[in-house]
Amino acid sequence: MSETGKIWALHLALIAALIVAGLVLPAYHQGNLARILVLATYAVGYNLLFGYTGLLSLGHAMFFGAGMYGLGLAMQHGDVSALPAFVIGLICAAVLAAVVALLALRTIGVAFMIVTLMFAQSAFLTVLYFGEWTRGDEGFVLQQATRQIAGVDLSEPTNRYYAALILFSAALLITLKLVRARFGRVLVAIRENEERTRMLGYDCFRHKFLAVVLSGTLSGAAGAAYGLLFGYVGASFTGVQYSIFPLLWVLLGGAGTVIGPFVGALFMFYLIDYASGWTSAYMLIAGAVLVALTLFAPLGLMGELRKRWLRWLP
Amino acid sequence: MSLLQTQGLTKTFAGLTAVEDVALRVAPGEVHALIGPNGAGKSTLVGMIAGRIEATRGQVVFDGRDVTALPAHKRIRMGLAYTFQITAIYARLSLADNIALALGSPDRGAARAALDRVGLTECEDQLAGDLSYGHQRLLEIAMGVAQSPRLLILDEPTQGLAESEIANFNRLIRELAGDTTILLIEHNMNVVMELAERITVLDMGRVLATGLPAEIQSDARVQAAYLGVSDAEA
Ligand SMILES: Nc1ncnc2c1ncn2[C@@H]1O[C@H](COP(=O)(O)OP(=O)(O)OP(=O)(O)O)[C@@H](O)[C@H]1O
Ligand SMILES: [Mg+2]
């Protein structure tokens, strides 16, 4: 099989496996996997910037939150129905990402991390400040009756699972297409050696700007979907924790690999799930496994796989 | 008419004037060598020409257009290519990917041809970082050549190359000369004398002399500032 053939086969096989999983999994795992798929979409967005472009953001929760609140506030206070509210969420995230990109991309390295962290912190405080509408920490629940698109009740577990899968598949395939196109190659070139890339005639700023906007928009799509599918919008989703999670998932799964974010999110979700079944000190176990993985698989699960056996993995 | 022309080009780093009032003219198709002792300001000068370093003062005219305010990537797209003194390749990417980025298209045949041209026989799937230092230099040159530039700026390309590779490099430059204008910074006097049609000597940021190789070789000031020293070292 040609390289392109193998690549598409692998990614479509993953989607096919997930379609089947929705039919055969018991309700508990189907519910988990729905959540993992939405979070993996968030990680896919994060990976575009961190894994492919080499820009480490510590503030992606603001994009996740922009999508979630864009959708949630429109539905709650604007009586907007789910689909247009989802689009509003996307637009909020995209606009926020563009603004953040224009300001944060003036800095590099550690400064970029700190600037994104500060922006996210401001976003978090903004959510709390407008508590009258956002209900702050407590958050608000989206009425079940409003959570439907084209008559499909998205609060129903199986519908919810497939909605999450559609979102994830779209994000996965868009990223796959993108990173194999010239645009993606240039992002990798910027990650590997920005000065060289500039001196080959590429407009690095424009590429980085687009990477932030795309990454932020994908993250916002995940945030909006999370609110819509699970019916809850709260400030904790814009907190520092939610900026760190996608970084961990991507590192675990393999930064700069298309399926790594999914693998990382899946792995960590079930790691914590199982560990918490054995002991109340489950975070200790999770921490130990994470340390072991960073020591023995520094490129993440898919990254190591690519290095050893699957050189063609995008 | 010159393909490249600078006027009053000056760069000051926090009080230190690295390049001062440089007027340089490079004619289309010529191989123009830029020589001078360490710290003379050669890399800074070509950095300003390529847009990598912002000029403190002065003007760069490329192909009849004032490009002084143009960012580097736009100058490159006008047909300028730049290779770094300190090797700058994509160490974690394959040779084919390195060349593809220079070409702007992932054409494996063209990548193979570009590698062959500089005498790199390694497989194009090999990682650039696994090449020996000298071969990484060759890859850098290959990336410059692959861009089919009108002006190719080479900053000490032969540093770290073996004798046979230098001979191959000389052959390559002679092949390119005529179609491609070449601005070559070079410490190896044999290479300079073999390739250069004109030479500009930089010393302490200023142009000391410019002219034909024979003129430069017999210039007493140049000998004092540079050639004598380098001959003694060699
Ligand atoms: N970024 C910088 N900041 C401060 N000083 C600099 C910088 N770059 C170069 N210089 C100084 O400017 C002067 C000229 O440096 P440049 O690298 O242009 O010399 P060169 O002729 O290329 O030398 P070499 O033959 O060693 O490569 C040197 O004194 C150098 O220390
Ligand atoms: Mg130099």
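Predicted model: local features only at pLDDT ≥ 70, side-chain atom pairs only at ≥ 80, totals over all residues.
Residues are numbered from 1 along each chain as its sequence is written, chains are lettered from A in the order in which they are written, and side-chain values use heavy atoms, without hydrogens and water.

α4(A) covers residues 82-104 and spans 32 Å from first C-alpha to last, close to the 33 Å expected at 1.5 Å a residue.

Now the interface. Chain B puts 24 residues into the contact and chain A 18 (heavy atoms within 4.5 Å). The buried area, meaning accessible area lost on putting the two together, 1.4 Å probe, summed over both, is about 1800 Å². Carbon and sulfur atoms give 54% of that. On chain B, the trio B:His73, B:Tyr90 and B:Leu101 supplies 32% of the area this chain buries against chain A, more than any other three residues.

The rule finds three salt bridges across the interface (Lys or Arg side-chain nitrogen within 4 Å of an Asp or Glu carboxyl oxygen). A:Arg196 and B:Glu140 meet in a salt bridge at 2.8 Å, N to O. On the side of chain B that touches chain A, α2, β6, α3 and α5 each supply at least two residues, and α2(B) gives the most, with four.

How values were computed. Expected span 1.5 Å × (residues − 1).
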